[in-house]
Amino acid sequence: MECAAKGLAAEPCAGGVADRRCGSCGAVAYCSRAHQIIHWRVHKEECERFAEQMRRVNLLSQFPFTFLEPPALNHEFPSARCFFLQMFKLHQKGLWKSECICGSDVASAKDLSIAAEWNLQSSLCPCTEPENPVPAVLASWEDYYQWRSLPLHSPVAVLLHWPLTLYHCLQLYRLQTSKYDGQDTLCIHYLGPEKELLQLATFGELRALFPGVQIHIELVGPEVPKSRDGEVVNISRYARCSDESCCCKSSIGSEDSSCTAVRLKLWKGFYHERCSDIMKDSNPHLIVAPNAGVAAYPSWMPTIEIIRQTGIPAIFTDFCEEAAYLASCCISSITGQPLKIPIQVNPFRQPVAADNSALYLPCYSNCFIFGM
Ligand SMILES: [Zn+2]
Ligand SMILES: [Zn+2]
Ligand SMILES: [Zn+2]
Ligand SMILES: [Zn+2]
Ligand SMILES: [Zn+2]
């Protein structure tokens, strides 16, 4: 953890790790008492809020899974996450490649992963059609695993938080599909995709969650590689398992484009720049911006203004409660209204803590959800 006063104080930070934590909130760390005192004029406004957020550490770390969190330190691997993946022999394999710091970035990826696989045996991953119809509501990972007959030691939730979070957003707004050319259709504008661009095959699970529905997702953001702008990706099957004999391996009929249920289209750039073109293709039921970081990137401000003008329901997620809180302030300052969906915990957040936080606040991908 870095000293929270780094760059703010005239004196440079003392060497070594910043392990002196604020005694009131425990969320920030300092290299020295001097830096802690200097930082107080900034921190006093947020300390009580952080303390409140720290009280949710245990709640947020509760998952039904039986796989264990990795130990914080393991010198054979660059990060705890790498070690976690290696426990399942998934480190730098298939869909899991971008889950740790060793992963390739989106720009250098030749293949946007619809060919990538689970690298798990069939009993551990959802590689075929569900045996039972989807229940009216899936409210937790437990519900989802039970429906898909997955054992609680399967790590697939670590990647399936992308489609399940999308499912949960649609449930929150109780959105109905529309008939389009006689087909039930759902259109979603998906803002700011990053590493999920390397895990697009996981969105195939939306076929099981919304049976019989044509799902159109327009993925728009600055991380979409220039060479992919305008590309359409059809997902007509589930990500495959590693069993040679499994029926998910037979290609007969499964690549038939007429039964395509999920159609993704890639757009490079900011939503406020590309919006009028995208709207020509599709008028969305919902706009989603996962792990948005609204307060951290000023480029969100014109995007939020556009969303306000269209009046289309929009949902944001973020890693930690503080990011969600700061985002809600930004959004309300533009709309002049409170959030339509107040900040709440996403039951389908990623079940492994994010390791990119600058604070000790609990931090998970897609952790908090709120809507305008
Ligand atoms: Zn310092
Ligand atoms: Zn504090
Ligand atoms: Zn790694
Ligand atoms: Zn299979
Ligand atoms: Zn559409």
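I will start with the domains, go on to the interface, and end with a salt bridge elsewhere in the chain.

First, a caveat: this is a predicted model. Where they touch, 11 residues of domain 1 meet 10 residues of domain 2.

There is also an annotation to mention. The UniProt record, an unreviewed entry, labels residues 3-47 "domain: MYND-type". Over residues 3-47 the chain is 27% helix and 9% strand, with 15 Å between the end C-alpha atoms.

Now the interface. How much area do domain 1 and domain 2 bury between them? The figure is about 980 Å², and 62% of it is on carbon and sulfur atoms. On the domain 1 side, Met-1, Arg-49 and Gln-53 supply 56% of the area buried against domain 2, more than any other three residues.

As for polar terms, 3 residue pairs are in polar contact across the interface of domain 1 and domain 2, counting pairs with both residues at pLDDT 80 or more. The salt bridge count between domain 1 and domain 2 is 1. Arg-49 forms a salt bridge with Glu-322, with 2.7 Å between the closest N and O atoms. Helix H2, residues 47-54, gives the largest share of the side of domain 1 that touches domain 2, at 4 residues. By class, that side of domain 1 has 7 nonpolar, 2 polar and 2 charged residues.

Last, charged pairs over the whole model. The structure holds 16 salt bridges. One of them joins the side chains of Lys-195 and Glu-99, at 3.3 Å from N to O. Why does this pair tie together parts that are 96 residues apart in sequence? Because Lys-195 sits in the loop between strand S4 (183-191) and helix H7 (206-209), while Glu-99 sits in the loop between helix H4 (80-87) and helix H5 (141-147).

That is what I have; questions are welcome.

Terms used
Residues numbered from 1 in each chain as written. Chains lettered and ligands numbered in written order. Predicted model: local features only at pLDDT ≥ 70, side-chain atom pairs only at ≥ 80, totals over all residues. Heavy atoms only, no water. Contact = heavy atoms within 4.5 Å. Buried area = accessible area lost by both parts, 1.4 Å probe. Salt bridge = Lys/Arg side-chain N within 4 Å of Asp/Glu carboxyl O. Polar contact = N/O pair within 3.5 Å; in protein donor to acceptor, adjacent residues only side chain to side chain. Helix = DSSP H or I, 4+ residues; strand = E, 2+ residues; numbered from the N terminus. Nonpolar A, V, L, I, M, F, W, Y, C, P; charged D, E, K, R; others polar. UniProt positions renumbered as here; feature names shortened; annotations may be inferred.
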